[in-house]
Amino acid sequence: MQASEELLTLAEIAIALAGFSGVVVAFGQRGEMTPLDRWRFAALLSMSMSAAVLAVLPSVLNLLGISGPFLWRTSSAVYLCVAVLHASFFSSRLLRTARESDAPASRTFLVASFLLAALHIFLELLNVVGWPSSPNAALFISGLIVWLVLASVSFGSLVIGARPR
């Protein structure tokens with residue numbers, strides 16, 4: 001299967017993000033987490049673990065005998081379902097939490113999150129429909145990279161928000 005090493009690397013990055021977020025929360029918080037920090041932590045863990053699972057999905061499908069363009073179309077379709085569920089679950093919570101927070105950074109984070117989420121969903125949608133070319137690893141991996149950038153933005157905002165108060 002093409003791109004197996006790249007996918008394994010992305011899975012390792014995703015797991016590292018999840019692990020470092022736990023360290024940040026354990027050592028960075030001196031008291032109760034704010035609702036925004038709790039949201040950031042939950043979203044980061046969810047994004048990281050989802051990215052790790054999605055990164056190994058094509059290898060599992062390949063072991064089941066699925067290959068070629070159908071492998072990437074199927075992987076992207078599963079990715080698309082996970083991404084839409086994730087976005088619908090976390091976006092309503094983020095909107096509510098951002099309204100409660102007066103920090104301008106949370107509004108910037110909100111806009112960046114929605115733009116990156118739209119981009120990675122769009123990339124996977126292109127792969128599912130097979131446009132501009134047949135489904136391939138490049139669009140699937142590009143979507144995963146954007147997902148991990150979104151997780152990294154969450155990590156950065158968690159680190160900034162986790163300073164001792």
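Colleague: Why does F140 count as buried?

Modeller: This is a predicted model. In it, F140 has 0% relative accessibility. Buried means under 20%, so F140 counts as buried.

Colleague: How many aromatic pairs are there?

Modeller: The count comes to three.

Colleague: What makes the pair of Y79 and F140 edge-to-face?

Modeller: Two values settle that. The ring centres are 5.8 Å apart, and pairing needs centres within 6.5 Å. The planes stand at 70°, and over 60 degrees counts as edge-to-face. So the pair is edge-to-face. Y79 lies in helix α3 and F140 in helix α5, 61 residues apart.

Colleague: What kind of aromatic pair do Y79 and W147 form?

Modeller: That pair is edge-to-face too, with 5.4 Å centre to centre and 80° between the planes. Y79 in α3 and W147 in α5 are 68 residues apart. Ring pairs link W72, Y79, F140 and W147 into a cluster.

Colleague: Why is W147 called buried?

Modeller: W147 has 1% relative accessibility. The cut-off is under 20%, so W147 is buried. Y79 is buried as well, at 0%.

Colleague: How do you know that the span of α2 agrees with its number of residues?

Modeller: At 1.5 Å a residue, 29 residues should span 42 Å. The end C-alpha atoms of α2 are 42 Å apart, so the two values agree.

Colleague: Where does α2 bend?

Modeller: The bend is at L57, by about 35°. A proline, P58, follows within four residues.

How values were computed: Residues are numbered from 1 along each chain as its sequence is written. This is a predicted model: local features need pLDDT of at least 70, side-chain atom pairs count only at pLDDT 80 or more; totals for chains, interfaces and linings use all residues. Side-chain values use heavy atoms; hydrogens and water are left out. Helices (H or I, at least four residues) and strands (E, at least two) are DSSP runs, numbered from the N terminus. The expected span of a helix is 1.5 Å times one less than its number of residues. The bend at a residue is the angle between axes fitted to the seven residues ending there and the seven starting there. Rings of Phe, Tyr and Trp (its six-membered ring) pair if their centres lie within 6.5 Å; planes under 30 degrees apart count as stacked, over 60 as edge-to-face and the rest as tilted. Buried means under 20% relative accessible area, exposed over 50%, partly exposed in between (1.4 Å probe, protein chains only).
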